[in-house]
Number of protein chains: 2
Amino acid sequence: MTDIEIAQQATMERILPLAHEKLGIPEESLIPHGHYKAKVSLDYLETLKDKPDGKLILVTAISPTPAGEGKTTTSVGLTDGLNKIGKKATVCLREPSLGPCFGMKGGAAGGGYAQVVPMEDINLHFTGDFHAIGLANNLLAALVDNHIHHGNALGIDQRKVSWRRVVDMNDRALREITVCLGGAANGFPRTDGFDIVVASEVMAIFCLSTSLDELKERLGNIIVGHTRDNQPVHARDLNAHGAMTVLLKDAFQPNIVQTLEGNMAFIHGGPFANIAHGCNSVVATKAALKLSDYVVTEAGFGADLGAEKFIDIKCRKSGLKPDAAVVVATIKALKYHGGAELPTLKEENLEALEKGLVNLEKHVSNVREKFGLPCVVAINHFAFDTDAEIELVKRKMAHLDVKIVLAEHWAKGGEGAEDLARAVVQTIEEVPADFRFIYDDETPLWDKMKQVAREVYGASDIVADTKVRSKIKKLQADYGNYPICVAKTQYSFSTDAKLLGAPKDHVVKIREVRLSAGAEFVVMICGDIMTMPGLPKVPAADRIDIGPDGKVVGLF
Amino acid sequence: MTDIEIAQQATMERILPLAHEKLGIPEESLIPHGHYKAKVSLDYLETLKDKPDGKLILVTAISPTPAGEGKTTTSVGLTDGLNKIGKKATVCLREPSLGPCFGMKGGAAGGGYAQVVPMEDINLHFTGDFHAIGLANNLLAALVDNHIHHGNALGIDQRKVSWRRVVDMNDRALREITVCLGGAANGFPRTDGFDIVVASEVMAIFCLSTSLDELKERLGNIIVGHTRDNQPVHARDLNAHGAMTVLLKDAFQPNIVQTLEGNMAFIHGGPFANIAHGCNSVVATKAALKLSDYVVTEAGFGADLGAEKFIDIKCRKSGLKPDAAVVVATIKALKYHGGAELPTLKEENLEALEKGLVNLEKHVSNVREKFGLPCVVAINHFAFDTDAEIELVKRKMAHLDVKIVLAEHWAKGGEGAEDLARAVVQTIEEVPADFRFIYDDETPLWDKMKQVAREVYGASDIVADTKVRSKIKKLQADYGNYPICVAKTQYSFSTDAKLLGAPKDHVVKIREVRLSAGAEFVVMICGDIMTMPGLPKVPAADRIDIGPDGKVVGLF
């Protein structure tokens, strides 16, 4: 059965009584969106602030490969597994982006018997959060061009407008455009472009803010462009932040849905994992921690990018402290890291596996030694994994003294992740976390980048052109205390997507640097970053339809 | 008090029990969106199909003026009035467009004590319908450029792509743009542009379809562009219509909310009243008719545009038959039609009023004689209207033998519209409707336009350049049986916005003709039609904010 078929056959419980039963949320504090999705009122969450927090478990992964690792699936499976062994556990995930559903990727709500439901709703418009974020972004863009059109009292240099528009669609035609054509009534022509909604700074701000006041404050701090003499112009200067906050006020309440096994899932926010930090909202994670004994959450890409940003950006800003990490790997992905070709990954290949294991080892050692987190390795099991392969992983990793657990949630749901759940609970109980950041706030921006590159990526050094170096120097004065957000390929520890395994002593080149003044981080761009994907030759939209029984088909 | 203050002070009932109590809809057939908005399931509506319909009342108006007439307010007030006098009445309105909220216009959910609530929600994202429509539109646009990029098997001529993108924002910068810049990876450069969501043909299709199957069929019929040898390329040829329908399937269920007095309001769909037909969805109107004894609905602009399209497009296609019409006028607007200046409209001016009355007379005579509908005139009362003015209106209109009723719903709610409600009920009971279309399906397109111009607008003739005439001739072959949809200024019966009152023997020039093959009408453009508004120098966004008490301020 496909994911969507499994999801459609599930018997869901009504979300209001279920959230009350599972987490004790009073029904009047839930705002229903249909019978199976709800938002949790901020006023209610405010009443929980003196309650103790549950344990926070970060699910991260080896460097991604085309073979897939199953981080979301493992997060859901682990949550169901924890509930199976009697723990009150909740999962916190990112909202899927609608655009990619119609492209290549399909849905993003877990898979197999480890899914969140209602699957179609979550993958399609869900509760409208991304639409609200997109519109808040585009209101600001319209206000910028409108201000210039009507006299430009702030003196914005239209060559230096940096705020782009967004749409929740993979649309390469909009990557680079010219706007304001057609004469005086339409404004001053300039080049521009659209990003996908998840790449909007509004999304990052939305996910890092802890209250509507903070949201508004940060939105006001967004830099939309510069004047002719290079002074920044903020959203606040256009008085845009109030109306933007109004557009976001309902979306800002975290969404709650259920797993196939009726456990609770917060799904809220979903910033890009390259130019932004790639984690669900702080509001949702904090809410889940107040309401559960164990909270499982995921971060984008592999642990070098996702876990590092989770810790150095999300945790630093919010005060969150993870208690353990789960590093997800698959045998086939490890073989790919060891040089096996994609079509051969279902065949036993101990040589490639042994070679590829270095990727897992480096991520595990980072998580334990650099971030100071107790760690469990989850091998997301496929039917074609051989006993010899699994044995090899355990033997080769023995020196790290880390629990390695085979997880079969994809095929078996929570029951298949009970071992993993027990291992995680035991690790949290036995191994105290010695959680730490990679760098301090006071470390200069350049050195922050160097520390991440050396300690996390295994690089020997970082380099940059004079232009980039001088921009970093300039940002240092006003924004030197901000964390950095590295945008690089997710496929390698290095900046070369082809360098699989665990490359050492590579050099990381910073190609460009961008300030996200509202999100409060400095983006170090170390590669080609695509903020507007395209559609493939035969996009998923081609097969997505309403079937004869009225159900959605082709979404996976 | 402002409209938003009145709305915020209202005590709303939970929509699920209320809709059950008022209309008998089982709670399980309602899909809640928060506690005060819901969608009604299509499956449930299907079960009503053998029930008799209630009476349908169309609220239309004199030609709009900057003074405002209050059509939505009167629709809501009349519905509350009907309920006050013991009738089971429901109102059907269009969903407000979000973009204009941040521009000049502010909200569109009635006014004073004749409003639908929750006002902020209805004016902001509501239940997300417009976001879904926008995205379905933009998915098709992305698929068009993607198809061309990946080999263009259909041979679309990129100079002849006619499908534009949309955004729910007043953004003049996007009116005319160049897309696909930046090299081979981004496609073939071409000129393009964005419209506001309400101008999308998807919106018109959404509002005219009676089932998901019909919706999908019509979406497939959309023409996105032409080949080099001028063959039309349809959305169906790109296999886009299935995925577009999936995006729209939830939105397609009509929304239900309440008036300030707890009566039921369907608010669903909202196409432009110029390039489209300007009425709420057929699905909502049909649902309301099955569930109520009286259904009040409105059409955009004055009766020359709104009522004509309501009848010749919406009723023709859906089989709806109105039982009566209410023509809304204000004393100040009539004075404006009679030549009084805007700043003087609060002063008594019998001369201007008498002169301006011709506008009302012509609309009333159209409604009765051309459309064959029993008619009541509602004078939407303002405190500064004098007794002499009201007396004059009644005296001068006496020869038309039409009920003229002063309506005070703005200040007094339903109580202020009881007289109007009684007059409408009495008219329906006493005067049989002799409802008819302006033209037959078989009348050629050119003659359809001529009939509308002569009979409804009072024009002597229509003209067009050779190019336009030959395009009409060409469309006649394949689409000659479609109704026409006239896009012209709403401020005059003529095509000259400055010709107030009731100009006669003017000539209507067709400047351009466009086919909406999915919506199934031919748009006759007889003026400058703006499908993407701009923001004013100080847009409403400037004052919209979240107040200290957490409530929205500045939205009106």
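The model is predicted. In chain B, helices α4 and α17 pack at an angle of about 80°. Over all chains, the count of aromatic pairs comes to nine.

**Helix packing in chain B**

- Helix α4(B) spans residues 71-84 and helix α17(B) spans residues 418-430; their axes lie 8 Å apart, at an angle of about 80°.
- Because angles of 65 to 115 degrees count as roughly perpendicular, α4(B) is roughly perpendicular to α17(B).
- On the α4(B) side, the contact involves B:Thr74, B:Leu78, B:Gly81, B:Leu82 and B:Lys84.
- The α17(B) side contributes B:Glu418, B:Leu420, B:Ala421, B:Val424 and B:Val425.
- By class, the residues of this contact of α4(B) with α17(B) are six nonpolar, two polar and two charged.

**Aromatic pairing**

- By the ring-centre rule, there are nine aromatic pairs over all chains.
- One of them is formed by A:Phe206 and A:Phe252, with ring centres 5.7 Å apart.
- The planes of A:Phe206 and A:Phe252 stand at 85°, so the pair is edge-to-face; the cut-off for that class is over 60 degrees.
- A:Phe206 belongs to helix α8 (residues 201-208) of chain A, while A:Phe252 is in the loop between α10 (241-248) and β14 (255-259) of chain A.
- The pair links distant parts of the chain, with A:Phe206 and A:Phe252 46 residues apart.
- Both A:Phe206 and A:Phe252 are buried.

**Charges over rings**

- In chain A, the charged end of A:Arg316 sits over the ring of A:Phe437, at 4.5 Å from the ring centre.
- In chain B, B:Lys332 lies over the face of B:Phe382, and the distance to the ring centre is 4.1 Å.

- A:Pro118 is placed in the loop between β6 (114-117) and α6 (119-123) of chain A.
- B:Pro118 is found in the loop between β6 (114-117) and α6 (119-123) of chain B.

- A:Asp505 is not a glycine, yet its phi is positive, at about 55°.
- The loop between β21 (484-487) and β22 (507-510) of chain A holds A:Asp505.
- A:Asp505 has 58% relative accessibility and therefore counts as exposed, the cut-off being over 50%.
- B:Cys180, also not a glycine, has a positive phi of about 65°.
- B:Cys180 lies in the loop between β9 (177-179) and β10 (190-192) of chain B.
- With 2% relative accessibility, B:Cys180 counts as buried, because buried means under 20%.

- B:Ser200 is located in the loop between β11 (194-196) and α8 (201-208) of chain B.
- The relative accessibility of B:Ser200 is 3%, so this residue counts as buried.
- Leaving aside residues up to four places away in sequence, B:Ser200 touches B:Asn137, B:Trp163 and B:Val166.
- B:Ser200 and B:Met104 are 96 residues apart along the chain, and their C-alpha atoms are separated by 21 Å.

Notes. Residues numbered from 1 in each chain as written. Chains lettered and ligands numbered in written order. Predicted model: local features only at pLDDT ≥ 70, side-chain atom pairs only at ≥ 80, totals over all residues. Heavy atoms only, no water. Axes fitted to C-alpha atoms, helices over the stretch in contact; angles between N-to-C directions. Helix = DSSP H or I, 4+ residues; strand = E, 2+ residues; numbered from the N terminus. Parallel < 35°, antiparallel > 145°, perpendicular 65-115°, else oblique. Contact = heavy atoms within 4.5 Å. Nonpolar A, V, L, I, M, F, W, Y, C, P; charged D, E, K, R; others polar. Phe/Tyr/Trp six-rings, centres within 6.5 Å; stacked < 30°, edge-to-face > 60°. Buried < 20%, exposed > 50% of the residue type's maximum accessible area, 1.4 Å probe, protein only. Lys NZ or Arg CZ within 6 Å of the ring centre and 35° of its normal.
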